[in-house]
Amino acid sequence: MKRPLFVFAGQSNMMGAASLPASEQIFLDNSFEYMHKAKRFNGKTGTFRNYGFPCGEFSYKNLEEAYGPDADENSISSLDNYQNTTYFCPSMCIAEDIEKKTHCTYEVFSEANNRMAASLPPFIAKELEKSGYACAYVNISKGSAPIDYYVKGEAADYFDKKVTDFFEDSKVQFPNDDMSEKVFVWLQGESDALNGYEYYKNALVTLWNKLKSVGFTKFFMVRVGFWGNEKIADVMRAQEDFCTENDGAFMITRVCSFFEWFGYDSDTWLPKDMPEEFTACRDSFHGFNNQHINEKGFKVIAKYAVPNIIRILFDGKAPALEEEKVLPLIK
């Protein structure tokens with residue numbers, strides 16, 4: 001069978017950073033998330049699991065600091081402060097008292113106390129299964145990561161290592177499957193909103209060239225959402241033009257850009273009559289001081305992205321994208 005390998009990457013909205021936990025666990029029938037931890041402890045391969053949340057893992061920079069000198073793959077770390085201690089990390093949710101709408105910070109979480117936080121990749125895997133397809137995937141994301149984080153430095157080197165191990169270990173796990181499609185799925189740009197169109201488009205080209213050298217065959221773009229500043233329209237334009245101008249790069253959905261931002265009532269960004277499905281896609285609409293995409297938003301993105309994933313990978317067709325709604329992008 002054809003089993004594409006998906007590497008989901010980006011910053012907090014791809015990582016998963018809502019206030020509320022997922023309403024229910026996702027269980028997959030024949031699709032699996034890859035976990036790298038066992039391989040880092042000198043196992044023959046990483047592991048594959050068939051449930052969704054939390055999605056991703058704490059990829060600690062220093063294994064001895066995180067686990068101690070005599071640890072193994074079954075050890076659980078209580079090392080927190082993820083921004084300083086990890087290369088990449090899993091989905092996290094920060095609601096503390098749901099009735100009072102209070103929350104903690106992401107920095108308090110570790111392997112030992114993380115919760116069932118929602119994230120986009122399991123919803124995409126589940127939607128693919130509903131249409132009769134299977135995949136394997138890994139989420140390699142981190143909050144506040146700029147695009148350059150994936151291009152150079154220790155984190156970028158670790159990204160390459162984890163991806164390479166994922167590709168190699170999938171051959172062992174699924175020896176009879178066609179895994180020729182190795183797909184990078186990108187949701188990022190919030191941290192680069194002020195860097196301008198030319199910077200971001202050139203950075204995407206640099207990133208894509210690096211990804212191809214690691215073995216990727218496709219670059220799928222989930223267009224970035226609004227993040228408190230209309231200058232992010234430059235990132236959206238760069239993402240659109242990058243996908244148009246580069247072989248193997250495809251926009252798979254724009255709907256993340258259509259999600260309303262709580263408290264921002266501007267007639268220069270989105271039309272006033274937005275469909276209901278694009279509202280309340282952030283937990284800020286449920287009383288929390290948190291504008292990250294929530295479970296509803298991830299489901300909406302998956303709803304629109306998966307038909308285009310199928311069109312591109314299984315039907316050999318171009319994506320059928322949504323009509324533009326972001327007013328600065330309408331020419």
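A: On a 1 Å grid over the protein atoms alone, a cavity is a set of points where a 1.4 Å probe fits but cannot get out, whereas a pocket is an open set with protein on both sides within 12 Å along at least five of seven lines, and lining residues have an atom within 4 Å of a point. Grid points are joined across faces, edges and corners, and a volume is the space filled by probe spheres set on the points. The model is predicted, so local features need pLDDT of at least 70 and side-chain atom pairs count only at pLDDT 80 or more, while totals for chains, interfaces and linings use all residues. Residues are numbered from 1 along each chain as its sequence is written, and side-chain values use heavy atoms, with hydrogens and water left out.

Searching the whole structure gives two cavities of 30 Å³ or more. The largest cavity has a volume of about 60 Å³, and its lining is made by His36, Lys37, Arg40, Glu57, Phe58, Ser59, Tyr60, Leu63, Tyr67, Glu111 and Tyr158. The elements that give two or more residues to this lining are H2, strand S4 (59-60) and helix H3 (63-67), where helices (H or I, at least four residues) and strands (E, at least two) are DSSP runs numbered from the N terminus. By class, the lining of the largest cavity divides into five nonpolar, two polar and four charged residues; here Ala, Val, Leu, Ile, Met, Phe, Trp, Tyr, Cys and Pro count as nonpolar, Asp, Glu, Lys and Arg as charged, and the others, Gly among them, as polar.

The second largest cavity has a volume of about 30 Å³, and around it stand Asn13, Glu190, Val224, Gly225, Phe226, Trp227, Cys256, Arg282 and Ile293. Its lining comprises five nonpolar, two polar and two charged residues.

Turning to the open spaces, the largest pocket holds about 390 Å³ of space. This pocket is lined by 18 residues, of which Met35, Lys37, Arg49, Glu57 and Glu111 are the closest to its centre. Helix H2 (37-40) and strand S3 (47-49) are the elements that give two or more residues to the pocket lining, which divides into seven nonpolar, six polar and five charged residues.
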